[in-house]
Amino acid sequence: MPICLSHQSALHYWLTKTEDECIPDCSEKRSIALMSASMREIKEAGLPLDFSKDDPLHVLVPSHEEQRNLRSVVTHLWRAKLPKGSLYQLSGMNLVCSPELAFVQMASCRSLVQCVEVGCHLTGKFAISDRGRGYAGKRAVLTTPEEMEAYLRQLFRVHGLVRAREALQYIVPNTASPMEVLLVMAFVLPPCLGGWDMPQVVANQRIDIDEELRPLVNERYFEGDLYLPTVRGNVEYDSYEFHTGKYRYDHTQTRRNILEAMDVKTVSATWGQLDTFEKFMTFMNMVKRRFGIERRNFTKEERKEQEKLYEQLTDRNSRLF
């Protein structure tokens, strides 16, 4: 009988896919009535993930009879019919839950802030490692907030649905690194959840270059890492990996000069400016000052939430799955 990866295992499968890996075909199946969770069948299934007692496999089962107390497998009961596009085909007859369904499943066992983080990664343009954290390469987006919203409208009385809908309003697609996720969440979340009360932000927004400036870079447009359209402000995250070396240095400086010449105010972020919460606070205040955004006084409780968000998103030991 086939196996259906779900929850953390489905998230693991999707978030670690890099640009050189194929996306599986969507399955026509809308039911998991024939799914199994026997250890013998799991071992013979040739699944794409390793698992252990400390890092168990998560699978869907259709009935209580299929739920088993296995040391390295967690079974999740699902009886309802699934919307179209909920399952993707793996090897043999095995399946994996779609990014949209995995998002709802994670919303059933994660906080609202953690759900937003998961959503930003699912709609982002980068893969993470098997450790559940860190940058592992580029890839195409797996889904969009619009596709997620359309999927959620087809679900009813599903555990995690309310939280998933709430989290969706804060998800910014097209981020290109975990650090961009940190910054974008600090921008979009309300202060009671650790945000900084910033204007609308879009990730990797196309910014057309004035024709007279194009010869400097041989490009027609840039993509602003984090662009705030209402104040024409752009925050660039300059990683040590991708912004060192003569060519990269020249390109980064030229890009910044061109944006400033077009009246796009630019602030560059590096890890050295963000590696403590005190520095992060100073950086966020500098962004507001540079972009002409009114600064407000945060309450003691809001400051605690801001520090909590920062610690969560920079904790090297935390995992998304």
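Biologist: What counts as a cavity in this predicted model?
Modeller: The model is predicted, and totals for linings use all residues. On a 1 Å grid over the protein atoms alone, the term covers a set of points where a 1.4 Å probe fits but cannot get out. What meets this rule is called a cavity.

Biologist: How many cavities of 30 Å³ or more are there by this rule?
Modeller: A volume here is the space filled by probe spheres set on the grid points. With the cut-off at 30 Å³ or more, the count comes to 2 cavities.

Biologist: Which element gives the largest share of the lining of the largest cavity?
Modeller: The largest cavity has a volume of about 70 Å³. Its lining consists of Q8, S9, H12, L49, D50, F51, D55, P56, L57, H58 and F321. Two elements, α1 (7-15) and β2 (57-61), each give two or more residues to this lining. The largest share, 3 residues, comes from α1.

Biologist: How do the residues of that lining of the largest cavity divide into nonpolar, polar and charged?
Modeller: Among the lining residues are L49, F51, D50 and D55. Leu and Phe count as nonpolar, and Asp as charged. The division for the largest cavity is 5 nonpolar, 4 polar and 2 charged.

Biologist: Which element gives the largest share of the lining of the second largest cavity?
Modeller: This cavity holds about 30 Å³ of space, and E117, H121, R133, P178, V181, L182 and L313 line it. The elements giving two or more residues are α4 (112-122) and α7 (178-188). The largest share, 3 residues, comes from α7.

Note on methods:
Residues are numbered from 1 along each chain as its sequence is written. This is a predicted model: local features need pLDDT of at least 70, side-chain atom pairs count only at pLDDT 80 or more; totals for chains, interfaces and linings use all residues. Side-chain values use heavy atoms; hydrogens and water are left out. On a 1 Å grid over the protein atoms alone, a cavity is a set of points where a 1.4 Å probe fits but cannot get out, and a pocket is an open set with protein on both sides within 12 Å along at least five of seven lines; lining residues have an atom within 4 Å of a point. Helices (H or I, at least four residues) and strands (E, at least two) are DSSP runs, numbered from the N terminus.
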